[in-house]
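Here's a quick briefing to read with the model open beside you. Let's start with a question and then go topic by topic.

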Amino acid sequence: MDFINKNLRGILFCFALAVPATYLGKLFPVVGAPVFAILFGLTAAFWKRPAFFQPGIQFTAKKILQYSIILLGFGMNLFEILAVGSQSLLIIVSTIGTALITAYILSRIMNIDRDIATLVGVGSSICGGSAIAAAAPVIKASDKDIAQSISVIFLFNVVAAFLFPALGDMLGFTDTGFGMWAGTAINDTSSVVAAGQTWASAHGSDTALNYATIVKLTRTLAIIPICLGLAYITSKTKNTAADVKITSIFPMFILYFVIAAIFNTLAGESLPVLAQLPAIGKFMIAMAMAAIGLNTNLVSIVKSGGKPILLGLVCWIFIALVSIGMQHILGIW
């Protein structure tokens, strides 16, 4: 009862912002519900709200964000992902490594906050907003850093959805080649699907769309090792204890994400209700993004936005080039 009295009003506030954000996200999938939710939260943050909202907002930004990632695991079929995704594994590893190394180097050269650089690198290389949502609690990122990183990723999501099909035609991609390129070089699932659908409509075949989607889901699994690695690094840099136990740094929600994916792979067809859980998880992400927006100062984001955008641009270009290069090396295209 104490938990409800303390948190309910703030949670309902975030829920109310997530409802229209989710609706608009369906109307404009290239933008997506998380971006709309952050925008609504940032706008509502100008209103001086009563203090009793804050505990629930904080709970939504931290705990509900983690619970949402667990529910996304019920959308994973590991057998299907491994069947097609194994062909793209080297490209995925190469692009993720490229993005993370680039983000690290540029953060040192450009003096960008390490948490923002990490989130932009992870979001660019794995799966956009979902990867940022998973990594943020692991590295103990601030709400401002999360909001800024999501904004950077959104910008290049929109550009990629429109630009990639045109570039693919210019470069002479096959359906399979474009699917591989879109699946490994566009950072958010909605933009991958948008680009794949545009290509499919223009070329009269769903091969690229289907291939891009499965490759993208394979990339999503990289959340697991990346978050474990970030947990270890964070324990060394943000924890003053000499000896850090694995139980204190292990992000348990990532373990539950893996369990959810395994359970869905083995029992998903016999339990159709599981298919609804990822949609609930996506709505919960929208709630969490609204909470993050509510806790963020829009003016400070605008003032410091230039360097993260440049970082995201360079990561994005390098990922696209490495994906093309690896396809040539492997003889895929």
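Is N111 buried or exposed? N111 counts as exposed, because its relative accessibility is 66%; the cut-offs here are under 20% relative accessible area for buried, over 50% for exposed and partly exposed in between, with a 1.4 Å probe and protein chains only.

Before going on, some housekeeping. This is a predicted model, where local features need pLDDT of at least 70, side-chain atom pairs count only at pLDDT 80 or more, and totals for chains, interfaces and linings use all residues. Residues are numbered from 1 along each chain as its sequence is written, and side-chain values use heavy atoms, with hydrogens and water left out.

**Loop residues**
- N111 sits in the loop between helix 5 and helix 6; helices are DSSP runs of H or I with at least four residues, numbered from the N terminus.
- The phi angle of N111 is near 55 degrees, which is positive although the residue is not glycine.
- K140 also has a positive phi without being glycine, with a value near 60 degrees.
- You'll find K140 in the loop between helix 7 (129-139) and helix 8, and K140 counts as exposed because its relative accessibility is 58%.
- A275 belongs to the loop between helix 14 (252-267) and helix 15 (277-294), and at 54% relative accessibility A275 counts as exposed.
- From A275 to K216 the C-alpha separation is 18 Å, for a pair 59 residues apart along the chain.

**The salt bridge**
- Searching the whole structure turns up 1 salt bridge, meaning a side-chain nitrogen of Lys or Arg within 4 Å of a carboxyl oxygen of Asp or Glu.
- The partners are D143 and K62, whose side chains meet at 3.6 Å, N to O.
- This pair ties together distant parts of the chain, 81 residues apart: D143 is in helix 8 (residues 143-171) and K62 is in helix 3 (residues 54-72).
- D143 is buried, since its relative accessible area is 10%, while K62 is partly exposed at 31%.

**The second largest pocket**
- This pocket holds about 370 Å³ of space. On a 1 Å grid over the protein atoms alone, a pocket is an open set of points where a 1.4 Å probe fits, with protein on both sides within 12 Å along at least five of seven lines. Its points are joined across faces, edges and corners, and the volume is the space filled by probe spheres set on them.
- The lining consists of 18 residues, and Y104, R114, T118, L230 and I233 lie nearest the centre; a lining residue has an atom within 4 Å of a point.
- Helix 5 (89-109), helix 6 (114-125) and helix 12 (223-238) each supply at least two lining residues, with helix 12 giving the most, 8 residues.
- By class, the lining has 10 nonpolar, 5 polar and 3 charged residues. Nonpolar covers Ala, Val, Leu, Ile, Met, Phe, Trp, Tyr, Cys and Pro, charged covers Asp, Glu, Lys and Arg, and the others, Gly among them, are polar.

**The nonpolar surface patch**
- M1, F3, I4, L8, L12, F15 and V19 make up a nonpolar patch on the surface, together having about 680 Å² of accessible area. Patch members have over 30% relative accessible area and no salt bridge, and nonpolar side chains (Val, Leu, Ile, Met, Phe, Trp, Tyr) are joined within 5 Å; areas come from the Shrake-Rupley method with a 1.4 Å probe, and for residues only the protein chains shown count as cover.
- V19 lies in helix 1 (residues 2-27) and counts as partly exposed because its relative accessibility is 40%.
- L8 is found in helix 1, and L8 is partly exposed with a relative accessible area of 40%.
- L8 and L119 are 29 Å apart, C-alpha to C-alpha, and 111 residues apart in sequence.

Methods
Patches are made of residues with over 30% relative accessible area and no salt bridge: like charges are joined within 9 Å, nonpolar side chains (Val, Leu, Ile, Met, Phe, Trp, Tyr) within 5 Å.
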